[in-house]
Structure formats: structure tokens, C-alpha cells
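Okay, thanks everyone for coming. Let me put the thing up on the screen and then we'll walk around it together.

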Amino acid sequence: MSPSEPLATSDAHGGRAVERQSVYVYEAPVRLWHWINAFSILTLALTGYFIGSPLPSVPGEASANFLMGYIRFTHFAAGQILAVALILRILWVFVGNVHARQIFYVPVWSGRFWKEWVHDVRWYAFLISEPKKYVGHNPLAQSAMFLMFTLPLFFMIITGFALYSEGAGRDSWECSLFGWVFSIWPNSQDVHSFHHLGMWVILVFIMVHIYVAVREDIMSRQSIISSMISGVFKDRED
């Protein structure tokens, strides 16, 4: 938290309103994880598309080409980076500030949370003209992040390693840890289809996420976008 400048904001976790102009919200590991996710997911989506819909042909002899092999390798490497980053991010939940935990749960037990959630829905639907300002994610953003990003991210990593285990073999650690997926969906194609669907869930979320971040930056007059670079929320009431 910045020791200076006050600004009227509301705490999304039920605390009283406070007066601050700038607040240090997103610590360096959280910001680093955000950008690792961005580049990894972009790589995974592009390579995953070509894995699902391979190029119709490549020039020259088949023995002289390894294009799809490179695409698959890039996909697997990006997936492993994503998985390691998620493990480290989960560890940071226990040592970071309160904002490091927001996207890993939804406080369904809180009446205030749901009251503010409804307010946020009305705000994003252009039914009201006055936003509430929060330190960190607002209730609607927190629930959307959890349901459309955090949970799908776990699902994609689990099913991704399960699919990888088919090539790695039954004696691989991937099969030992994730082979149980095929006891739920014995047909490998079903797992492929759900994995593909999960990609679209995350991509749709990312598109909405970018739109909402830009919208909030403009309409709420808070530094939503730059906060994921500097870590600091600032108000621009000028």
C-alpha cells in the first residue's frame, strides 16, 4: 500500500471505505504471472489450432519436414511453462497480499458481495451511471475470473497433460498423475473435444477481460491497465 495520497475507494471484502489516491495492489510475482499467462496462452491457442486443424500440405519430401513436430513441441513447452507458473502462483497465494488470493475463490457467503455484484452487473449493462471503485477486482470481476479463467485453466492443464501422456506412455509421470482423466472419458477424442472447448472458454474470457479493463480505465477513471505493469491503482479524478 502506498503511504501517501488518499482516494475514496471501497473494499471488495466487506471492509469500510477508505481514502486513498494510490494503492499498491498487484505484487511483482502476480504481475509476472499475468504476462507469462498472456504469452503462454497466445502460443497455446495458435499452436493448438494447428494441431486440431493441421496444415493441408508442406513442400518437399515428408522426411525433410518437421513443421507439425515443431508446432507440437512449442505447444507442449508452452503448456509446461503455464503449469509451472500456476504452481508457483498458488504458492504465492499463501505469502502474498490479499489481492493475490482474489481469483482463487468467490465469497458466496457474503451478502455484501452479492449486493455489490448486482450493482456491477447493472454498471456494465449501462443501467446506472455511477460506478463503485474498488481496490483490486470488483465482485463481478472476481467471480468471472474464478469461473471463466482459474477453473478452466486447471481443466486445460489437467486434460493437456492427460493427452500428452498418450504419447509419453503408461510408465510416464504424466500418465501416473493425469491418466485418471481417461477413467472419466475413456474415449480420447472426448478429451480432445473438451480440451478444445476449454480453449474457447478462455479466449472468450480474454476478449471480455480486455474490453472491460479498457472500459473501466476510461469510465471509472482508474489506472486499471497500467496497474498490471506498475502494480499501483491510481485514481484520475480530474
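Before I point at anything, one cut-off: I call it a salt bridge when a side-chain nitrogen of Lys or Arg is within 4 Å of a carboxyl oxygen of Asp or Glu. Keep in mind too that this is a predicted model.

So, how many salt bridges does the structure hold? Three. Let's begin with K132 and E116, whose closest N and O atoms are 4.0 Å apart. K132 sits in the loop between α3 and α4, while E116 belongs to helix α3, so this pair ties together parts that are 16 residues apart in sequence. R112 and E116 are both in helix α3, residues 111-124, and because they are four residues apart, about one helical turn separates them.

Are these residues buried or exposed? E116 is buried, at 3% relative accessibility. R112 is partly exposed at 33%, and K132 is partly exposed as well, at 31%.

The remaining bridge I want to show is R215 with E216, at 3.6 Å from N to O. R215 counts as buried because its relative accessibility is 5%, and E216 is buried too, at 8%. Going back to the other two bridges, shared partners join R112, E116 and K132 into one network.

Now, rings with rings. A pair of aromatic rings is described by the distance of the centres and the angle of the planes. There are 14 aromatic pairs in the structure. One of them is Y105 with W109, which is stacked, at 6.3 Å centre to centre and 10° between the planes. Y105 is partly exposed at 25% relative accessibility, and W109 is exposed, at 66%.

Another pair is F161 and F178: the centres are 5.2 Å apart and the planes are at 15°, so that pair is stacked. It links distant parts of the chain, with F161 in helix α4 and F178 in helix α5 (residues 173-178), 17 residues apart. Both are buried, F161 at 11% and F178 at 14%. There's also a cluster, where ring pairs link W33, F104, F149 and F205.

F104 takes us to T150. Where is T150? In helix α4, residues 139-168. What does T150 touch, leaving aside neighbours within four places in sequence? Its contacts there are I103, F104 and M145. A polar atom of the T150 side chain is 2.8 Å from the backbone oxygen of I103. And T150 counts as buried, with 4% relative accessibility.

Last stop, helix α1, residues 28-52. At 1.5 Å a residue, its 25 residues should span 36 Å, and the end C-alpha atoms are 35 Å apart, which agrees. Among the buried residues of α1 are W33, N37, L44 and G48. What covers the buried residues of α1? The cover includes β3, α2, α4, α7 and α8.

How values were computed
Residues numbered from 1 in each chain as written. Predicted model: local features only at pLDDT ≥ 70, side-chain atom pairs only at ≥ 80, totals over all residues. Heavy atoms only, no water. Helix = DSSP H or I, 4+ residues; strand = E, 2+ residues; numbered from the N terminus. Buried < 20%, exposed > 50% of the residue type's maximum accessible area, 1.4 Å probe, protein only. Polar contact = N/O pair within 3.5 Å; in protein donor to acceptor, adjacent residues only side chain to side chain. Contact = heavy atoms within 4.5 Å. Phe/Tyr/Trp six-rings, centres within 6.5 Å; stacked < 30°, edge-to-face > 60°. Expected span 1.5 Å × (residues − 1).
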